[in-house]
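Trainee: I would like to learn how to read strands, helices and cores from a model. Please take one feature at a time.

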Amino acid sequence: MAKIASAKRHAQAVFQMALDANEVGKWRQDLQTIASTLSDPELSSILENPKVHLSDKMGLIAKCLPDSSQLSLNLVYFLVAKQRLGILGQIVTEYERMADAHEGLEHAHVTTAISLEKQASDKLAERLASLTGKRIALTSDVDPAIIGGFVARIGDKLIDGSTRARLQALKKTLVETAH
Amino acid sequence: MARAQDIASVIRQQIEQFGTAVTAVDVGTVIEVGDGIAHIHGLSGVKYNELIELPHGVVGVALNLEEDSVGAILLGEYSGIKEGDEARCTGRIVEVPVGEGLIGRVVDALGQPIDGKGPISHDKTLPVERVAPNVVLRAPVNTPVQTGIKAIDSIIPIGRGQRELIIGDRSTGKTVIALDTIINQKGGDLVCIYVAIGQKTSKVVQTVATLESYGAMEHTIIVAANAAESAALQYLAPYAGCAIGEYFMEQGRDALIIYDDLSKHAWAYRQISLLLRRPAGREAYPGDVFYLHSRLLERSAKYNAEHGGGSLTALPIIETQAADISAYIPTNVISITDGQIYLETDLFNAGIRPAMNIGLSVSRVGGAAQTKAMKKVAGQLKLTLAQYQEMSTFAQFGTSDLDKATLAQLELGQWVTEVLKQTQYSPYSLEKQVVILYAVMNNYLDDVPVDRIASVEESLHRFMDTSHPEIGKAIATEKTISDANEEALKKAIAEFKQTLS
């Protein structure tokens, strides 16, 4: 729990910087590059090695990330110096969530019993967008166990329009009336 | 047959309206579960105290609302819940069924029957957490709760709507006072609710059996969250009992609620708080442990006539450790209540039962509720006993050097102490209490040896019942001793003394 909170604070700081410089999109790309570069185990083992001097680590980072801005390099230096490289992945996730919220983008996940056609999924995204008042990035999967209808999850909200849920509700009310 | 028809039509209706409404609900994921607590990620729209639905029909109550997680207590069996399970908001809060149908029943902290006598018909449900009645609705205490215990009714009377704490070490007779009070309400208008918190199941069964054998279950509801049940249910039980009592109070009726005991309730809440990682304070109790009990006991009230005039009297019980009434929870509850009955092990072992310490026991508002008849005979009682207890310390070194007045006080004190002794489950009616106290306080029993007081008292009551029943009846109906009745009483006692010699 404490780690997530820490990543959140770091992400907030980065997001503030990005917002001030009006470079939210650029930072997102930078962070993704940094995360994928530093996920290399050989590199991260050097960066986490206490025997290697910080100035050497900094030189190495600068070489590995030639296209990054000075500020994003600073972020990595800072994390390395404070030995917080482990939360980099979470920082990126949190940053992306904040950037999405800022851009009014909401991720929705839809489960259906049979696979959705392009037309239907577009229509569904449109409908969900009008419900939430945000743009919707739709992902979907198929689960025959829900029998029919669909289950949509947008952030913390769940819209359960599946036949399975209705049958369960019916079962519950019937059991209650029988008592 | 009609019932089958009903069911068929209900089912038909259900099928016809099958699955119409689809609504969005807040959901979250269980990230940690154990010790009756679940930490849930998400649930961004959850409200404080809201019920949360988990798989396998388990429900929880949201108690900690944090930035991106929720700490909830789980009600009931939670071993089926695992990490990653889905949790849903319900938009409801914990409610218990209330109403006439509960009387005579034993229910759990959620109002479900546990006595095997079938389902309970209830008028409606009430939330367990409610705000106490405000000033506009209330009236001062003015009617007594007759406990049937001589020492309490005479010295520290309890009024309807009062909160009187019963405090003492283990096995000093705390529960007995509560049960005597319930038994004494037989045939009266008080509905009694006994809330057992964290007690041994065997003891609760014994209590039910006792009440049944004295015919007291006919006006009693028992709410039990036993030691084997989760801390969450033990935490909820007193609030549930209180909601059940409030229903009667709001109907303009009088109810009595006993919380046995609030020490264990505080323990249950401490467990929950520590598991929810709330900061611990003194004796590891959380910061709001005072509010835990104050909001519960504030709900006991006396309504004024415009609002029905109902009342809810509370008798909370606190168990002290090694007679330490200055521990955290005892001091808290003492300061919340309108007085306390303090029971002591030493007195109990000395054969004084109820083992009440007269000096430390008080009733701050009950005096206003005492009947005139009782006031007349008991006015001097507390003073007499207090003086006696002080002097008896000196008298231990020998009484030969004492003056006559002191000796008389000592003797009177001995008789009064003897008269106030009472065995358990034998409550006395108001008129009997008045008669015996009148006799002893006016020195009619001077010549009776102390060890024979109990048997003489028995025969006095028998004599009054058979030869002069009208005197007792007059006291019971008028609630006072009229001059004519007092003369008759004097004569009757003199007559009784003749039979003794």
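Mentor: Begin with a bridge partner: in S2(A), Val110(A) has Ser140(A) as its bridge partner. The model is predicted, so local features need pLDDT of at least 70 and side-chain atom pairs count only at pLDDT 80 or more, while totals for chains, interfaces and linings use all residues. Residues are numbered from 1 along each chain as its sequence is written, and chains are lettered from A and ligands numbered from 1 in the order in which they are written.

Trainee: In which sense do S1(A) and S2(A) pair, and over how many bridges?

Mentor: Two strands pair if DSSP finds at least two bridges between them. Helices (H or I, at least four residues) and strands (E, at least two) are DSSP runs, numbered from the N terminus. Strand S1 (residues 105-112) and strand S2 (residues 135-142) of chain A pair in the parallel sense over eight bridges. Between them the chain passes through helix H7 (residues 118-132) of chain A, and this β-α-β crossover is right-handed. Right-handed is used if, with the strands pointing away from the viewer, the path from the first strand over the helix to the second runs clockwise.

Trainee: What pairs with S1(A) in the antiparallel sense?

Mentor: Strand S3 (residues 150-154) of chain A does, over five bridges. Here Thr112(A) stands opposite Phe150(A).

Trainee: Leu124(A) lies in helix H7 of chain A. Why does it count as partly exposed?

Mentor: The rule counts other C-beta atoms, placed from the backbone, within 10 Å of the residue's own: 20 or more is buried, 12 or fewer is exposed, and in between is partly exposed. Leu124(A) has 19 such neighbours, so it counts as partly exposed.

Trainee: Which residues is Leu124(A) in contact with, leaving aside its neighbours within four places in sequence?

Mentor: Two residues are in contact if their C-beta atoms, placed from the backbone, lie within 7 Å. On that basis Leu124(A) is in contact with Val110(A) and Leu138(A).

Trainee: Now chain B. How many helices and strands does it have?

Mentor: Chain B has 16 helices and 18 strands. Of its 501 residues, 47% count as buried. Among its contacts with a separation of 6 or more, 72% come from residues 24 or more positions apart.

Trainee: How is a sheet order read, and which strands are at the edge?

Mentor: The order lists strands as they lie side by side: S8-S14-S13-S15-S16-S12-S17-S18 (chain B) is an open sheet of eight strands with mixed pairing. Its edge strands are S8 (106-107) and S18 (362-363) of chain B, each pairing on one side only.

Trainee: What pairs with S16(B)?

Mentor: Strand S15 (residues 254-260) of chain B pairs with S16(B) (residues 311-319) in the parallel sense over six bridges. Within that pairing, Tyr259(B) has Pro316(B) as its bridge partner, and Ile257(B) has Ala314(B). Strand S12 (residues 165-168) of chain B also pairs with S16(B) in the parallel sense, over three bridges, and Ile166(B) stands opposite Ile317(B).

Trainee: Why is S16(B) described as largely enclosed?

Mentor: Nine of its nine residues are buried, so S16(B) is largely enclosed by the rest of the structure. Both faces are covered, with Thr313(B) and Leu315(B) among the buried residues on one side and Leu312(B) and Ala314(B) among those on the other.

Trainee: How should I check a helix such as H5(B)?

Mentor: H5(B) is mostly covered, with 19 of its 20 residues buried.

Trainee: Which core does H5(B) give the most to?

Mentor: In soluble globular proteins, nonpolar side chains tend to be buried together. A nonpolar core is a set of buried Ala, Val, Leu, Ile, Met, Phe, Trp, Tyr and Cys residues joined through C-beta atoms within 7 Å. The largest has 142 residues, and Leu236(B), Ala240(B) and Ile257(B) are among those with the most contacts inside it. H5(B) gives the most to this core, with 14 residues. Another core, of 20 residues, lies apart from it and includes Ala7(A) and Ile91(A).
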